[in-house]
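Me: I am new to this structure and would like to learn how to read it. Please take me through its features one at a time.

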Amino acid sequence: MSALILSLLVVPIATELPEKINSILWVRRGKDTLAFGNITGALVFQGSLLPAIGVMLTPWSPSPPVLLGAGLTLLAGGYTYLLVRRGVTLRPYHFLFNGLCYGAYFFALT
């Protein structure tokens, strides 16, 4: 397995899954503020600090797979942003497009 696949597809799932489970348990116990803070903090940490350290400490060049991942991420984020700007109440099925982008990237790399 390449380091790119491991770092962009496997590690985020493995590191965020326990946070999601904790948040689900807290929501079921009525502690939704704690659940929201847990998810938000974990996502900020995983999405900003760790990539910044990785870019600073490793030789990094934007190869085609990296650019494809960045493009699909911007596409999925832009789609969600447009839904919110239109005033759409987000439902789980709205995130199917984001999941399809994730799946497309996985299959493009393998």
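Me: Which residues of α2 are buried?

Reply: Keep in mind that this is a predicted model. A residue counts as buried when its relative accessible area is under 20%. In α2 the buried residues are A35, N38, I39 and A42. They pack against α1.

Me: How many helices and strands does the protein chain have?

Reply: A count of elements comes before any detail. The protein chain has four helices and zero strands. Read from the N terminus, the order is α-α-α-α.

Me: What box do the C-alpha atoms of the protein chain fill?

Reply: The box is taken along the principal axes and comes to roughly 45 × 30 × 25 Å. The protein chain has 110 residues, of which 16% count as buried. Contacts can also be sorted by distance along the sequence. Among those between residues at least 6 apart in sequence, 47% join residues at least 24 apart.

Me: What follows α1?

Reply: The end of a helix can be read from the backbone angles there. G30 follows α1, and its phi is positive, near 85°.

Me: Which residues of α1 are buried, and what do they pack against?

Reply: I5, L9, E16 and S23 are buried in α1. The partners of the buried residues of this helix are α2, residues 32–57, and α4, residues 96–109.

Me: Why does S23 count as buried?

Reply: Compare its value with the cut-off. S23 counts as buried because its relative accessible area is 7%, and the limit is under 20%. S23 sits in helix α1, which covers residues 3–28. With neighbours within four places in sequence left aside, S23 is in contact with A35, N38 and I39.

Me: At what angle do α1 and α4 pack?

Reply: A packing of two helices is read from an angle, a distance and a handedness. The angle between α1 and α4 is about 145°, and their axes are 10 Å apart. Their crossing is left-handed. On the α1 side the contact is made by L4, I5, L8, L9 and I13, and on the α4 side by Y102, Y105, F106 and L109. By type, the residues of this contact are nine nonpolar, no polar and no charged.

Me: Which residues of α4 are buried, and what covers them?

Reply: C101, G103 and Y105 are buried in α4. Their cover includes α1 and α3.

Me: Why does C101 count as buried, and what does C101 touch?

Reply: C101, in helix α4, counts as buried because its relative accessibility is 8%. Not counting residues up to four places away in sequence, C101 touches L72, L75 and A76. C101 and L72 are 29 residues apart in sequence, yet their C-alpha atoms are 6.0 Å apart in space.

Me: Is L90 buried, exposed or partly exposed?

Reply: L90 counts as partly exposed because its relative accessible area is 30%, between the limits of 20% and 50%. L90 lies in the loop between α3, residues 64–85, and α4. Beyond its neighbours within four places in sequence, L90 is in contact with T80, L83, V84 and F95. From L90 to T80 there are 10 residues in sequence and 8.5 Å in space, C-alpha to C-alpha.

Terms used: Residues are numbered from 1 along each chain as its sequence is written. This is a predicted model: local features need pLDDT of at least 70, side-chain atom pairs count only at pLDDT 80 or more; totals for chains, interfaces and linings use all residues. Side-chain values use heavy atoms; hydrogens and water are left out. Buried means under 20% relative accessible area, exposed over 50%, partly exposed in between (1.4 Å probe, protein chains only). Contact means heavy atoms within 4.5 Å. Axes are lines fitted to C-alpha atoms, for helices over the stretch in contact, and angles run from 0 to 180 degrees between N-to-C directions. A crossing is left-handed if the near helix is turned anticlockwise from the far one by less than a right angle, and right-handed if clockwise. Ala, Val, Leu, Ile, Met, Phe, Trp, Tyr, Cys and Pro count as nonpolar, Asp, Glu, Lys and Arg as charged, and the others, Gly among them, as polar.
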